[in-house]
Amino acid sequence: MLYFKKIGFAFQPRCYKTRICLAVIASGMALSCTKNKPPALTPTYDYPKDAQALALYNQAVAFFPDNQDSVLFYARASATQAEKTNDWHTWGDAQRYILTACYYLGQSKATLETLPALKKQAENMIPRDSLFWSEFYNLSGAMYKDLGDFEKALEYGKNELKYYDKRKSKSDFGIASLIAGANNNIGMYYLGRGDYDLAWDYSKEACRLFESFPETALSDKILIYSNLGKIRLRQKNYADAIAWSQKALNLVKAQPSTVFVNDPGLYVNEADFNLDISNALIGNKESDKALPYLLQALKIVETHKITSLQPYILHSIGSVYTQQNLYDKAEIYLLHAMKAFDAKDAYYGKLCRQMGLLFQKKNDLWTALKWQQRALRSLSDTFPEQDSLANPSLKGLNAYYDFMHSLIGKGETLRLLAKQESKPVLLEASLATFDLATVVLDSMRTIYQEGSKQFWNQEARPVLEKAIGAALELRHSTGDDRYLAQAFGYSEKGKAYLLAEALRESAAEQKAGIPQELLDQEHQIKTEIALYKNKIFEESHKKSADQAKIVFWESEIHARQREEETLKAKLASAHPAYYQIKYGQKALGLTEIQQSLPENTGLLEYFQGDSATYAFYIDRQGAKALRCGTVPDMMRLLEGMQEDSLAGAVYSPAYINAFAKKSSDLYRALVSPVLDKIPEQLIIIPDGPLAYLPFELLLTAEASAAPSYDKLPYLLLKTCLRYEYSALLAFQKHAENHPTRFFDGYAPVYGHDIIAARGGGEHRIIRASEFGSLAKNREEVEAAAQLTGGKTIIGPKAQKAYFMLHAHEPRILHLAMHGFVDDSLPSFSGLVFTPTYEADSTNSILYANEVYNLHLNAELAVLSACNTGRGHIARGEGVISLARAFKYAGCHNVLMSLWQADDRATAEIMQGFYTYLKAGKGKSAAIRQAKLDYISRSKRKSHPFYWATFVLIGDDLPLQEKTSWLWYVGLAVLLLGGLYYGFWKRKKARRRVRNNDRIFTF
């Protein structure tokens, strides 16, 4: 079995179907993988056969696969003769061999130029159920892959899969293996494009199919395990990458030596898998462990003269020596590897990029720049390599990942040169290069699915950090505010991209006139995917998991994901307005934000990179930016602050003074350098671990002799704070909500006084029956309902099933219940409803991934539960928490908790919150005043642990805006000219329950 190592992963043109196009008999119909040929693959056409054309075709078959030149010669002669005599059966078979021979002979580019004409002719002459179409799609996809055009490769790969989907006997091994091969090929195309989540989904489906049949060839299993390892490697999941590659390597090494003699390709496998394991170790910064694998791989390829793999192994050895600062050795291996590639080859660019890094580390910066220009030249020929400061255009670019990282390396070299030689022009060139890299990032994010977008958000952080740093350096040296605006734009690029996209999609659904059945179908698909993921999660953590169930559910997820892809393509084609709204909104610049901010309101945004934290402050009067400090220093301050806040009731003077010092230090590090004056309203856009910090508890002045916590000068005393995931979201127009009630409050009851614990990082299923009772949650909900005139769902009624049916109805959704966080699997954090005590009591848990699929009409969700604002920090997206899930589901405002909330303190603060909402205060003003009241009342419990946990994400609009009915009466009189009609309208308005935005009366 042949492998091609041109872009870093194993691939075969026919992949798992080599047995079809490499071992077909003269009729072209028998499958070597099955004893009986599948009837569904038998062509239905019945053209008269030409003896001469058939003889030429048989000659082509006889020379295959050893002499591809002869195969091509006789296949072309056969096709020409068959066309003259209208023998389209033989013509189709000959064309399959022509395509295969052209692929093996490296004639992909020239062959693809003839593809449209060939396809048009075949559509007129070859039936759709002919095996010709399977081969045509497969080989066309492989050729496009070779040219780096993964979009076209995917188009043909998916057409191949559709061909097999129409075959009915999917339980037959022959059909199943073909479907598996098509899935794997698509997975490899997605891998080449950089969409790793979809690459994993398709390849995992191929693996499932192959493992379902005992007849599966060993070579098929080896290759699919290898490919899964390569995907995990690109996802930077190094432990999984090693596990899958080791699985493939173990299968190879388990073969007897006699098998190696008969199948020398196994030596290729063995070397390849050693290389994959070493690359995962290199990625994990374990170069010492990687080197033995690489030396073993090199020994294999040199012993067995496997020239195709040697340059890749040499490249990795060079990377190891670069990590170990053995630059001379590294250069020798990298230069040796380069000899195998043409200067236009994409892999040559990878090697040039590695050489650039090597010389950058040696501080030979001009040499590094030359190598980096060569790397870019190999990926694009649109600029002169000799101009060191020039950058290429992005026209026709497919190799996004390599191109972006080449730009990052060049930009960093230019930045270092600018510092070394004190030349502003070099710093400007550095910024221009980083800026182009961010444009590449934008292109990548628009074509990937959500999981892959999250991965690319992580990839984006280093380039965004470098771009911010370069822009602010230029602003400092030139005083030009354009650079400040540019730096802020980079910060915004790294903020909540996926969340903003989801909320735009919600608005698009309402305005684009999409048929409800299509939206329902989309929603149903997402809901079913979440359901099966939940089932797999719960089953896999049982002591004796049913693997058959897990495999079945994985298959169902894969099927739904393919349905989703088809549906999205249909929506994009039939409803372009939907996509225009969804993707058309641009990020806000400094000027737009300044114009949008009310008077006496400021926006404070942070960007936390690997080496520094940047702060941006904007108000109506101007803007400032500052590099706050190094990440380690910031983290030490923040961790100390969090420990103090979570410590609870510690009231000794020494402890109070220690808390005060850390809090004031953090204020001086984060806030005071960019705030000349504290505004009346302050919008905080945190980043990274800062999302866990309630800025309200920071101290605006030193207080070394404060007698108690309630006497400290908190920022809460000076301003009204609220939070958001990005500046774009802070000003983005919301989708219109349509609640039917004002308030729903949930207060579950729990049956046992046992608080669930998840110690030591161990994963197990959380069951609602494990949670202890909450003494004050019912009182809290009833008080809020009384103030709002709302509805309570209390005790046994507060079940998950009821919530799922009615969650879309209220304008305020108040959940006073237990919550828990899974930091490693944030989508399985949850809220705990009243247990049902059925056999599967996990149906009382509302997981975060289920909330994502809800369509809520709530303007405000009050998550009065523990840790609802905590979760996994996804770089660029913020905390993937329950609060974010509710925001995603349509709640414009979320009041959440950052740590375990005290039951009694929560009840008091929530009652004050609703009291001030009823009085007409805005949401952030209401929660601020409720906290201030609590601090003044609760002397012994005034520690921030009790009151600082709750923070508001959203706006400061009041939930009650009284509008005079006289205006409506007067307008009615003017329009209709009847006093009686106006009187009638007035009476009707008094009777009506008003549910439109901000017209509720408590």
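Me: In which loop does Lys285 lie?
Reply: This is a predicted model, in which local features need pLDDT of at least 70, side-chain atom pairs count only at pLDDT 80 or more, and totals for chains, interfaces and linings use all residues. Residues are numbered from 1 along each chain as its sequence is written, and side-chain values use heavy atoms, with hydrogens and water left out. Helices here are DSSP runs of H or I with at least four residues, numbered from the N terminus. On that numbering, Lys285 belongs to the loop between helix 14 (265-283) and helix 15 (287-303).

Me: Is Lys285 buried or exposed?
Reply: Buried means under 20% relative accessible area, exposed over 50%, and partly exposed in between, with a 1.4 Å probe and protein chains only. Lys285 has a relative accessible area of 67%, and therefore counts as exposed.

Me: What is the phi of Ser422?
Reply: Most residues other than glycine have a negative phi. Ser422, found in the loop between helix 20 (400-421) and helix 21 (424-447), has instead a positive value, near 55°.

Me: How are helix 8 and helix 9 oriented to each other?
Reply: Helix 8 (residues 150-165) and helix 9 (residues 173-193) pack at an angle of about 165°, where axes are lines fitted to C-alpha atoms over the stretch in contact and angles run from 0 to 180 degrees between N-to-C directions. Angles under 35 degrees count as roughly parallel, over 145 as roughly antiparallel, 65 to 115 as roughly perpendicular and the rest as oblique. The two helices are therefore roughly antiparallel.

Me: Which residues does the cis peptide bond join?
Reply: Most peptide bonds are trans. Here, a bond with omega of about 5° is cis, and its partners are Phe64 and Pro65.
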